[in-house]
Amino acid sequence: MTDLDDLRTRLIGAVEGAEDLDALEALRVGALGKKGELTERMKALGKAAPEERKALGQGLNAIKDEIAGLIEARTAALGDAALEARLRGETVDVTLPVRPESQGRIHPISQTIDEIVAIFGEMGFTVAEGPDIEDDFHNFTALNIPPEHPARQMHDTFYVEERDAAGERLVLRTHTSPVQIRAMEGAEPPFRLIVPGRTYRSDSDMTHTPMFHQVEGLVIGEAIHMGHLKGCLTDFCRAYFEVPDVPVRFRPSHFPFTEPSAEMDIGCSRKGGGLRIGAGDDWLEILGCGMVHPKVLANCGVDAERWQGFAFGMGIERIAMLKYGIPDLRTFFEADIRWLRHYGFAPLETPSLIGGLSA
Ligand code: PHE
């Protein structure tokens, strides 16, 4: 049996002496693998003298188990040590400023949403969200757009196969207005919220993409009137375009979910071929707005005798294009790294009214 003792001592020594995981693996294959030393010895048991066979078999088995256990323990220990060393070597100080060579840029859509949230956040608005796939009730009916209403055709709706509980087909939301409904259904007035998010319409050209972004606003209180709407949106436009005296005007319009309804324009000039936002001889349409229709309030279980307010909706790409001089809407979604390098924003420079919106 001394021969087995020698084998055991030699293998234990080798396991203890293995310096890294590769050496340990080579050792495991050499001892326990298909053609390993211990495996070969066990295969050769048949050739041993019958009276020795049992003791030899038991001895070999015991060594095999012991060595397998030792290799496993040493693998774990070496693995921990390797991880430790790697963690120590790869330490990152996240409090350091961004390196100048950093390549990532913030997409103008994200930047614009951050700017909008900063401005309305300062006015006490909170941010709400809702699902991209909507039911007919929230996208249309609750917003006073009943079935067969012409506004449904104007929205170029994408329909989804699935139907809701009422048997109506689900839609990709055609505007962010359904989130007004969801916000009012679930809570008690007053409300002061904005809803940035994706919207979908089956339309594609220079100024339309099948997916685009809107931001919705909703203010509901006990004595909210058109003057609040005008003041709030005028302040927003002046802050967002960073032109303190930009002229604004409200034109009568129509939306089924607001009464009265208006469209808001800001002043601009096109002298010299370029577009400049500010006092000038021309106007740019910016957003749709109005006083929330009493039927919409009633559809959400809000007492329209007591509560009223205003809502607005605007296209995020559109106001980003105007502010940052981006000529073609489709380029927003081409994921062209050169475009992003040109029109994108430095990371970690979060827009704020104090620190500057687009500094
Ligand atoms: N939902 C309207 C649209 O998509 C915009 C809007 C929102 C108008 C809220 C008035 C009030 O065109």
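A polar contact here is a pair of N or O atoms within 3.5 Å; within protein, one must be able to donate a hydrogen and the other to accept it, and residues adjacent in sequence count only if both atoms are side-chain atoms. Okay, ground rules: this is a predicted model, with local features needing pLDDT of at least 70 and side-chain atom pairs counting only at pLDDT 80 or more, while totals for chains, interfaces and linings use all residues. Numbering runs from 1 along each chain as its sequence is written, and side-chain values use heavy atoms, leaving out hydrogens and water.

So, the ligand. Serine 177 puts a side-chain N or O atom 3.0 Å from a ligand nitrogen. Histidine 175 also has a polar side-chain atom 3.0 Å from a nitrogen atom of the ligand. With arginine 201, a side-chain N or O atom sits 3.0 Å from a ligand oxygen. On its own the ligand has 330 Å² of accessible area, and the protein covers 90% of that (Shrake-Rupley method, 1.4 Å probe; for residues, only the protein chains shown count as cover).

Now, which strand gives the most to the shell around the ligand? That's E11, with three residues. E11 is 308-315, and strands E6 (211-221) and E10 (282-292) also supply at least two residues each. Strands are DSSP runs of at least two residues, helices (H or I) of at least four, numbered from the N terminus.

Last stop, valine 15 in helix H1, residues 2-17. Valine 15 counts as buried because its relative accessibility is 2%; buried means under 20%, exposed over 50%, partly exposed in between (1.4 Å probe, protein chains only).
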